[in-house]
Amino acid sequence: MPQTAPRAGTWQGSRPRWWSELPLIAVVYAAYSAGRLLARGDVSTAVDHGLALLHFEQRLNLDFETPLNDIFTANAWIGIPADFAYASLHYLVTPAILAWLWKRRRAADYRLLRTWLLISTLIGLVGFTLMPTCPPRLLEASHGFVDTMAQYSSYGWWGGEASAPRGLGGLTNQYAAMPSLHVGWALWCGVVLWRHGRSVWAKAIGVLYPLGIAVVVMGTANHYFLDAAAGAAVMGVGLLLARPALRLAGLIRARFGAARRPDEAAGTTAAAAGTASATVANGASNLNVTSNVSDKCETAARERERIPRQQGRDADGSRAGDSGGREAGAAARSGRGGETATAGEGAAAAAR
């Protein structure tokens, strides 16, 4: 039965296997975490970048982090939940929505959104490397910022060094503030919920969640407003690059598939050759059978030529037998079976 080759690009319609997705996401996240550590940079350079951002915002009246930080430090009922949100949601909500996409949505949607998230994360890593930035909470106290996570550290698992658990602050890069991937990932979650959420509540959370995270990162003095804006911009660039990245991956898969096809073609050729051989053999056997039948017919013809009288008698007997048989059949149909049988016997005797 002929085999039909799959159309090019059909792999994009199949759902990725979880055992191939988890290592991919783990590798990207490990590169993101390791890159944050390796891109520590010089502290004085990071402080200079932070002050430059703050002064630029102040000239344009965009330093929203200053009044928000005052509110968070003066009201524990706002500051403590904000610290919990900053230390946990970034690492819980994003993977949960990614798993939901893999389980519930179309494979094409999942591939596009997953690729968008991964590319944006890698772009953010480039930003940490090129522009280490001191967050507001690490500036001198004269600038008016208070580290709320240090202020309320007794209420949570974090210490005075970012959102890391106590004693593990050395494993984080506190100067990886530009861009804010807290805001970037939250924006990704919001877009997914808005586009693919089926209920009004899901769409409402899709709007409120990124806005809430943007307020949290500024109120806890972990990011400047421009950090949050840069996080949104990074996600925009990642979205623009997601489809070209998928097309490139498709071309690579097609090329590797073409490299494997010659082996399959060789197997198909061998099978075709075997079929052709069998056809030739069958044709030869058919020719032998035909020739044997022809020989027998020719021999029978020659024998008839050598005994012409016998042929005549056989022919007369056949004609007489046929006429007698026809008369018997007609008599049987008309009800004169006995007379016809006698006539048939007489005809046969005359023929002998």
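By class, how many nonpolar, polar and charged residues does the lining of the largest cavity have?

Reply: The lining of the largest cavity has 5 nonpolar, 3 polar and no charged residues. (Ala, Val, Leu, Ile, Met, Phe, Trp, Tyr, Cys and Pro count as nonpolar, Asp, Glu, Lys and Arg as charged, and the others, Gly among them, as polar.) The model is predicted, so local features need pLDDT of at least 70 and side-chain atom pairs pLDDT 80 or more, while totals for chains, interfaces and linings use all residues. Residues are numbered from 1 along each chain as its sequence is written, and side-chain values use heavy atoms, without hydrogens or water.

Searching the whole structure gives 1 cavity of 30 Å³ or more. A cavity is a set of points on a 1 Å grid over the protein atoms alone where a 1.4 Å probe fits but cannot get out, and lining residues have an atom within 4 Å of a point. The volume of the largest cavity is about 30 Å³, counted as the space filled by probe spheres set on points joined across faces, edges and corners. Its lining consists of Leu89, His90, Thr94, His182, Trp185, Ala186, Tyr209 and Ile213. At least two lining residues come from each of helix H4 (76-104), helix H7 (181-196) and helix H8 (200-219). (Helices are DSSP runs of H or I with at least four residues, numbered from the N terminus.)

Now the helices themselves. The axes of H4 and H7 come within 10 Å and cross at roughly 35°. (Axes are lines fitted to C-alpha atoms over the stretch in contact, and angles run from 0 to 180 degrees between N-to-C directions.) This crossing of H4 and H7 is left-handed, that is, the near helix is turned anticlockwise from the far one by less than a right angle. On the H4 side the contact includes His90 and Thr94, and on the H7 side it includes His182 and Trp185; contact means heavy atoms within 4.5 Å. The contact of H4 with H7 has 13 nonpolar, 4 polar and no charged residues.

H4 also packs on helix H5 (residues 107-130), at an angle of about 155° with the axes 9 Å apart. That angle makes H4 roughly antiparallel to H5, a label for angles over 145 degrees. The crossing of H4 and H5 is left-handed. Thr94, Leu98, Leu101 and Trp102 of H4 meet Tyr110, Leu113, Arg114 and Leu117 of H5. The residues of this contact divide into 6 nonpolar, 1 polar and 1 charged.

Glu65, Leu68, Asn69 and Phe72 of H3 touch Val215, Val216, Met218 and Gly219 of H8. By class, the contact of H3 with H8 has 5 nonpolar, 2 polar and 1 charged.

Lastly, two backbone details in loops. The peptide bond from methionine 178 to proline 179 is cis, with omega near 0°, and proline 179 lies in the loop between helix H6 (148-151) and H7. Asparagine 61, though not a glycine, has a positive phi of about 55°; asparagine 61 sits in the loop between helix H2 (43-60) and H3.

Note on methods:
On a 1 Å grid over the protein atoms alone, a cavity is a set of points where a 1.4 Å probe fits but cannot get out, and a pocket is an open set with protein on both sides within 12 Å along at least five of seven lines; lining residues have an atom within 4 Å of a point. Angles under 35 degrees count as roughly parallel, over 145 as roughly antiparallel, 65 to 115 as roughly perpendicular and the rest as oblique.
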